[in-house]
Amino acid sequence: MQELILYVDSRFTSPWALSVFQTLTEKQLPFTLHTVDLDKGEQQQAPFRDLGLTGRVPLLVHGDLRLAESSAIVEYLEEAFPPPAWQAVLPGGLEQRARARQVMAWLRSDLMALRAERSTEVVFCAPTQAPLTAAGQAAADRLTGIAERLVKGEHLFGEWCIADSELALALNRLILNGDPVPERLKAYCAAQWQRDSVRQWAAKPRGQARG
């Protein structure tokens with residue numbers, strides 16, 4: 001097997017880096033982890049700047065392939081290391097896989113006010129005392145409203161998939177800050193957060209944020 005190398009942010013707070021880290025970990029694929037200090041602008045400096053197309057983390061290196069954008073990496077890993085030989089991270093059925101991709105795409109393209117006001121520093125480091133603005137609250141209401149429609153049981157699509165972890169992280173922006181979230185969604189997120197692959201990421205050293 002060609003070596004797998006994953007570049008992530010040095011503070012381990014990127015939700016999208018977590019998604020790729022979790023995919024590799026769930027599949028029990030050996031990989032080397034390198035960090036990029038975004039606060040120092042290392043993503044804009046050689047050698048990392050010249051590794052990939054966009055100069056962003058996460059970045060996966062696999063042989064001659066240099067691949068950024070977490071959803072593209074997750075799908076690549078699922079196809080390169082498919083079930084049943086390796087753990088599935090996306091649903092197997094056509095319709096359920098499409099729905100999982102829909103959830104993942106939505107979480108990457110929406111809820112900008114919430115993501116700004118409840119960054120993943122809240123999830124992995126410390127809560128904030130600042131109340132949500134009207135825009136932030138509207139995004140929070142949108143997130144919880146859609147999540148209540150999606151979450152019907154322990155997992156979104158019968159068995160765990162990476163979309164479960166991504167939705168749980170989004171909700172944990174609120175839950176771990178003490179913002180109100182329906183109890184059913186809290187229980188769902190708590191279950192996702194117990195996966196060993198998430199716990200490994202949560203245990204990474206983070207230090208102090210700059211600026």
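A cavity is taken here, on a 1 Å grid over the protein atoms alone, as a set of points where a 1.4 Å probe fits but cannot get out, and its lining residues have an atom within 4 Å of a point. The model is predicted, with local features needing pLDDT of at least 70 and side-chain atom pairs counting only at pLDDT 80 or more, while totals for chains, interfaces and linings use all residues. Residues are numbered from 1 along each chain as its sequence is written, and side-chain values use heavy atoms, with hydrogens and water left out. Searching the whole structure gives two cavities of 30 Å³ or more, a volume being the space filled by probe spheres set on the points, which are joined across faces, edges and corners.

**Largest cavity**
- The volume of the largest cavity is about 80 Å³, and its lining includes Trp 16, Leu 107, Leu 111 and Arg 173.
- At least two lining residues come from each of α1 (15-26), α4 (112-117) and α7 (162-175), where helices are DSSP runs (H or I, at least four residues) numbered from the N terminus.
- The largest contribution to this lining is that of α7, with four residues.
- The lining comprises seven nonpolar, no polar and three charged residues, with Ala, Val, Leu, Ile, Met, Phe, Trp, Tyr, Cys and Pro counted as nonpolar, Asp, Glu, Lys and Arg as charged, and the others, Gly among them, as polar.

**Second largest cavity**
- About 40 Å³ of space lies in the second largest cavity, whose lining is formed by Pro 15, Leu 18, Ser 19, Gln 22, Ile 162, Ser 165, Glu 166 and Leu 169.
- Two or more of these lining residues are supplied by each of α1 and α7.
- In this lining, four residues are nonpolar, three polar and one charged.

Notes:
1 Å grid on protein atoms, 1.4 Å probe; cavity = no way out; pocket = protein on both sides within 12 Å on 5 of 7 lines; lining within 4 Å.
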